[in-house]
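User: Hey, I've just opened this one and could use a quick tour. Can we go through it together?
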Amino acid sequence: MVAGLPESIVQSFHSIIQLSATALDFGSEFASNKTPEEFVAVVNRILQLHGGNKLERLRLYFCPLDLFLPDINNWIAFSIAKGVEALEMNFSMGFDLAPNQFSNGARFFRLPDHLYPCNSLTHLSLSHCEIQPPLGFTGFSGLRFLSLADVDITNDVLQFILANCPNLESLILREWLSLESIELVAENPRLRRLAFVECWNTYQIEISATHLQSFIFYGEYAFGSEFNLSESSNVIVPSLEDAFISSIGMEHTQPYHDYTMLLSDIAQVKILTVCSETLMLPSIPEDLTYIYDPSE
């Protein structure tokens, strides 16, 4: 037994080490039966015992309390030193969507500066954190997959990351709360897949991705003019092959719920999946008044 740790917890991290020497999973299942203090103690002990030269994947689900920020930064530094390729960090533990804040006193975790020079990353998944790259950041040269869920980031930084990840193939934006408008101009020839999922507070989206092949959008209508007066949805995707468009559960945003322009701008798509609600509830512009005609 390791001094200071219950036998059940010691057994849990020994079993993790036996699973794979190159992949460590400290996800929600791992965290479910531990206090934050126990979680930190176990993770620190596992990393101390890790003897491999390579760590391909690190998965983390934790609460970013100030007390544990040095530990979190050390975990990230450890994975970078081991040449980590897939880094999944979810800091939503204790976050309540309704008041849009942490119930445990935590704050959005700011990614440490030592993460940004990491060139081994191919997959990066982030949730409930703050992205502010340091001066001199030149992008993630090897990154192929990027998923951002409720992150604090500016549109300029997002655009910079897109422009400086030359191997990026897939981008997922989920539960977006920090940006009211998003402009994605991606000339990267490798970017093939783009997904927006439940971007609640985003009211204006513009996309120009000439090589994009797959597009998923689930949420409130956020394309083109908010007054539906433009002739385009501001979506330029000439190479698109498949698209999934759904507004289920989002219909309360009428009259800005007309997907007609978007569907017109992706008319060249080969495979189109659209939920019935999206087609049944087109909106009527506010400046148009319906005049009742008794002869109708």
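User: Is Ala77 buried, partly exposed or exposed?
Analyst: Ala77 counts as partly exposed, because its relative accessibility is 32%; buried means under 20% relative accessible area and exposed over 50%, with a 1.4 Å probe and protein chains only. This is a predicted model, where local features need pLDDT of at least 70, side-chain atom pairs count only at pLDDT 80 or more, and totals for chains, interfaces and linings use all residues. Residues are numbered from 1 along each chain as its sequence is written, and side-chain values use heavy atoms, leaving out hydrogens and water.

User: Which helix does Ala77 lie in?
Analyst: Ala77 lies in helix 4; helices here are DSSP runs (H or I, at least four residues), numbered from the N terminus.

User: And how do helix 3 and helix 4 cross?
Analyst: The axes of helix 3 (residues 36–49) and helix 4 (residues 69–81) cross at roughly 25 degrees and come within 11 Å; axes are lines fitted to C-alpha atoms over the stretch in contact, with angles from 0 to 180 degrees between N-to-C directions. So helix 3 is roughly parallel to helix 4, a label for angles under 35 degrees.

User: Which residues in helix 3 and helix 4 meet?
Analyst: Phe39, Val40, Val43, Asn44 and Leu47 of helix 3 meet Asp71, Trp75 and Phe78 of helix 4, with contact meaning heavy atoms within 4.5 Å.

User: Switching topic, how much of the protein chain is buried?
Analyst: Of the 296 residues in the protein chain, 46% are buried.

How values were computed:
Helices (H or I, at least four residues) and strands (E, at least two) are DSSP runs, numbered from the N terminus. Angles under 35 degrees count as roughly parallel, over 145 as roughly antiparallel, 65 to 115 as roughly perpendicular and the rest as oblique.
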